[in-house]
Amino acid sequence: MTVDTSTDLARALDQQLASANLTERLRIVAGLDGRVVFTTSLGIEDQVITAAIGLSGLPIDVSTLETGRLFKETVDLISETEDRFGIAIKRFHPSQDDIDAYAARYGLNGFYESVEARHACCHVRKLVPLAEALAGARFWITGLRRSQSGNRAATPFAEYDAERDLIKVNPLADWSLDDINAYVEAESVPTNPLHRKGYPSIGCEPCTRAIKPGEPERAGRWWWENDEKRECGLHVPEAASSAIPTPA
């Protein structure tokens, strides 16, 4: 499928999904030609999508990036979620060689010292495993919402991801946190206990803190950096790849 064809399909899909509910949106995507992959961070938004996939028995592959530095609560939630919805969540891990090369260059916790080092860590622990998880996929489902941050305010329901040559689908783009919480309660969706301790957005343990009253949902991610648009590179390209040392 050409870039122009993929872009046209993404635009048409964006319009089609706008008037559908969550389950309908997922069913529409699952019915398209090509492998569909949902990557979950086990955050509350992603738990809602996992629940909708599992409860409807949709043919969508569910994967997670087990970075090696996740909170224990996050890791424990993987098995709990599999049991609750009768699905298998495939784990993707970073390469030990890549981790060792990163540590040799920056130090194991060098991400605190510079943006370059933090981007490099995200590349090793997230972006490389993500590429493996999405290999052969035509559609990539994510839990992005417009209200999560200013950087995500224009999130469409579907868009062509030229970097990965696939169509990225954001079925919760127009959902509020109240919508998320209502679904969780209605369907008894298991969630990370850290959400109840002030962590609305949960990533790797060294890079996540609880937020303060009045702060945006993602203020606890990489809190030591000043850039309000900071991301890990999964959804907004970061200039990280050039900073990755090649393992010997």
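User: How many aromatic pairs does a search of the whole structure find?
Analyst: The model is predicted, and side-chain atom pairs count only at pLDDT 80 or more. Ring centres have to lie within 6.5 Å for a pair. On that basis, the number of aromatic pairs found in the whole structure is eight.

User: Which residues form one aromatic cluster?
Analyst: Pairing rests on ring centres within 6.5 Å. The residues that form one cluster of this kind are Phe111, Tyr112, Trp223 and Trp224.

User: Are H1 and H2 roughly parallel or antiparallel to each other?
Analyst: Helix H1, residues 3-18, packs with helix H2, residues 22-30, at an angle of about 150°. Their axes are 9 Å apart. Angles over 145 degrees count as roughly antiparallel. H1 and H2 are therefore roughly antiparallel.

User: How do the residues of the contact of H1 with H2 divide into nonpolar, polar and charged?
Analyst: H1 passes H2 in a right-handed crossing. The contact is made by Leu13, Gln16, Leu17 and Ala18 of H1 with Arg25, Ile28 and Val29 of H2. These residues divide into five nonpolar, one polar and one charged.

User: Is H3 roughly parallel or antiparallel to H4?
Analyst: Helix H3 (residues 44-56) and helix H4 (residues 72-85) have axes 9 Å apart and pack at an angle of about 30°. An angle under 35 degrees counts as roughly parallel. That makes H3, relative to H4, roughly parallel.

User: Which residues in H4 do the residues in H3 meet?
Analyst: H3 passes H4 in a right-handed crossing. The contact divides into four nonpolar, four polar and one charged residue. From H3 come Gln47, Thr50, Ala51, Gly54 and Leu55, and in H4 they meet Leu77, Thr81, Arg84 and Phe85.

User: How many charged residues are in the contact of H5 with H6?
Analyst: Helix H5 (residues 96-106) and helix H6 (residues 115-133) pack at about 175°, with axes 10 Å apart. They are therefore roughly antiparallel. Asp98 and Arg105 are among the H5 residues in the contact, and Glu116, Arg118 and Arg125 are among those in H6. The contact divides into eight nonpolar residues, no polar ones, and a charged group of five.

Key:
Residues numbered from 1 in each chain as written. Predicted model: local features only at pLDDT ≥ 70, side-chain atom pairs only at ≥ 80, totals over all residues. Heavy atoms only, no water. Phe/Tyr/Trp six-rings, centres within 6.5 Å; stacked < 30°, edge-to-face > 60°. Axes fitted to C-alpha atoms, helices over the stretch in contact; angles between N-to-C directions. Helix = DSSP H or I, 4+ residues; strand = E, 2+ residues; numbered from the N terminus. Parallel < 35°, antiparallel > 145°, perpendicular 65-115°, else oblique. Left-handed = near helix turned anticlockwise from the far one by under 90°. Contact = heavy atoms within 4.5 Å. Nonpolar A, V, L, I, M, F, W, Y, C, P; charged D, E, K, R; others polar.
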